[in-house]
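Please keep the sequence and the model in view while reading.

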Amino acid sequence: MSNRRDFMGYALGGFTAIIGGIPALYAMKRSWDPLPSVKAAGFTSIDVSGAVENELTVEKWRGKPIFVLKKSKDMKADDRDVVIGSDRFHVSIGLCTHLGCIPAYVSDEHKFKCACHGGEFDASGHQTFGPPPSPLEIPPFKIDGTTIVLGEEGPEFKKMKEAGLTV
Amino acid sequence: MAHFEKANSVGEWFDQRLAINTLKRVLAFEYWIPKNINFLWAMGMVLAATFGMLVVSGIFLLMYYQPNVDLAFDSVNYTIMTEVGYGWLWRHIHGVGASVVFLIIYIHMFTGIYYGSYKKGRELIWLSGMGLFVAFSAEAFSGYMLPWGQMSYWAGMVITNLFSGGSLEAYGLVEWIRGDYVPAQAFLTRFFMLHVLLLPLVIIGLIVLHFGTLRIPHVNNQDGEDIDYEEAARLYKEGNVKDSKVIPFQPVFLAKDIFVMGVYFILFFYLVFYHFEFAMDPVNFDPADGLKTPAHIYPEWYFLWSYEILRPFSKDLGLIAFAIAQVIFFALPFLDKSPNVAPASKRGLFKFWFWAMLIDVLVLTFMGKLPPTDALFANIGLISALVFFALWIALPFITKIEKKL
């Protein structure tokens, strides 16, 4: 620094950047965050007592499609199934884990097929073909009688999460 | 205070206060352009004019467009298209302009690559131009969200998901960009803001920078000749126009530019009036539905080549390949190790590199449009993507051994 004026300039600039610039950036970041009202509207209850075997129902939770599939007896049981009484359900977020398209359920093949990039999943949500890197995700759920409450973490979901079966 | 004489004309009055005569001289009448150029040198002004068309048509669309998830679709497809007088004209100019501007950008880019107009002092022209390409891409994408049709929604879903970084699973970042778990109101309004304010400001700033970077190295010419501009300008000003190697930007170069623009705008308005449908995807005439993915999602034609680079690989590898493909053209001035500024036809192996790159990008574009299920086309896509990277890896080596001209 050659003289006092330069020093004053750098000091003022640095000070402004630290006390003005960083908080301003933080404020801008926070303004882009999802709103509290968006985050709060996060619970959906699904009554599965009337579900039909091998027929996919699509519900909506946090704007995302939720697959609910009552498994028929000939489908393989899986650790990721939601068990209610003697019935097994496949419940997952219906977005392909590749880039988020909605796979379609082909009921006679017992498969989910994604039209975007050709990914396929079996009836338990495991990827079987194409680019998806991981199984369909399971949303946080709690079992309440014959109702599945999405957005709340019940003991069954916590067990799956601990076992690393979903994120 | 400066001393002011009484002005004898309006022009003089402004010149006293703004030095407009100096400005005119520096920016136009004594801004020298080489004679040895062809119609491809007009693409810059064609782009500027197309950007102008987009701004004007955009202003009129902005008066009736509603950035609201419940109203956006109808405000475009009902209000603007059927109620607003000549609303269809602005929309078709805007849609066709957004598509055609990329055609001209690609011609402009490949002209620069062919003639070596990115080296020896012209690096910043290339870099600011690539900055414009990226800014235009963001502008096109954000604009594509606004009609809030099925393609808007699902393109928004897929492209924002790219930011999860594959196995990094940065869904927090994706939700932050969207302002919601899925593209919804917050997403639409912020992309509206980007499209009509922030990105246009960035583009205008970059255009000024792009023009500024041309100033000192001057625009290249057909032979990459290093022209003595002072000598050439002296000859021209002395009246020896024939022996001078340059012409002034205004009025001589601009007159030729305007002729090319005239031809271009005949094609442009032919498309606007008779073939606007090529820029209007039919799937986007269904309103956005978060519970139904369209059967086949593909981007507009100008993004297909990079989309095809994403597609044939596994998720993580695809993302890395895609990210590199997006920025690799920035590195061109630094990967081309040859000092020759010359058309590709005179540059040995680079000639083959140029045509291979052009053809490869075209093949990627065509493959990107086809559905992902056909094994033959998927393999052609994979090979083209690999060729794309092989060409970039080869570039420093083949230009290093290039003979100095």
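This is a predicted model: local features need pLDDT of at least 70, side-chain atom pairs count only at pLDDT 80 or more; totals for chains, interfaces and linings use all residues.

## Domains of the two chains

In chain A, domain 1 covers 4-33 and domain 2 covers 44-162. The C-alpha centres of these domains of chain A are 49 Å apart.

For chain B, the domain assignment gives domain 1 as 19-296 and domain 2 as 298-405. The C-alpha centres of domain 1 and domain 2 of chain B lie 22 Å apart. To their contact, domain 1 of chain B contributes 38 residues and domain 2 of chain B contributes 39 residues.

## Buried area in chain B

Between them, domain 1 and domain 2 of chain B bury about 3,400 Å², and 67% of this is on carbon and sulfur atoms. On the side of domain 1 of chain B, the most area is lost by B:Phe110, B:Tyr114 and B:His296, which together account for 22% of what that side buries.

## Polar and charged pairs

Across the interface of the two domains of chain B, the rule finds 2 salt bridges. A salt bridge also joins the side chains of B:Lys119 and B:Asp336, at 3.1 Å from N to O.

## The side of domain 1

The helices α5 (87-114) and α6 (123-145) of chain B each supply at least two residues of the side of domain 1 that touches domain 2 of chain B. By class, this side of domain 1 of chain B has 21 nonpolar, 11 polar and 6 charged residues.

Key. Residues are numbered from 1 along each chain as its sequence is written. Chains are lettered from A and ligands numbered from 1 in the order in which they are written. Side-chain values use heavy atoms; hydrogens and water are left out. Domain bounds come from an automatic or database domain assignment. Contact means heavy atoms within 4.5 Å. Buried area is the accessible area (1.4 Å probe) that two parts lose on being put together, summed over both. A salt bridge is a side-chain nitrogen of Lys or Arg within 4 Å of a carboxyl oxygen of Asp or Glu. Helices (H or I, at least four residues) and strands (E, at least two) are DSSP runs, numbered from the N terminus. Ala, Val, Leu, Ile, Met, Phe, Trp, Tyr, Cys and Pro count as nonpolar, Asp, Glu, Lys and Arg as charged, and the others, Gly among them, as polar.
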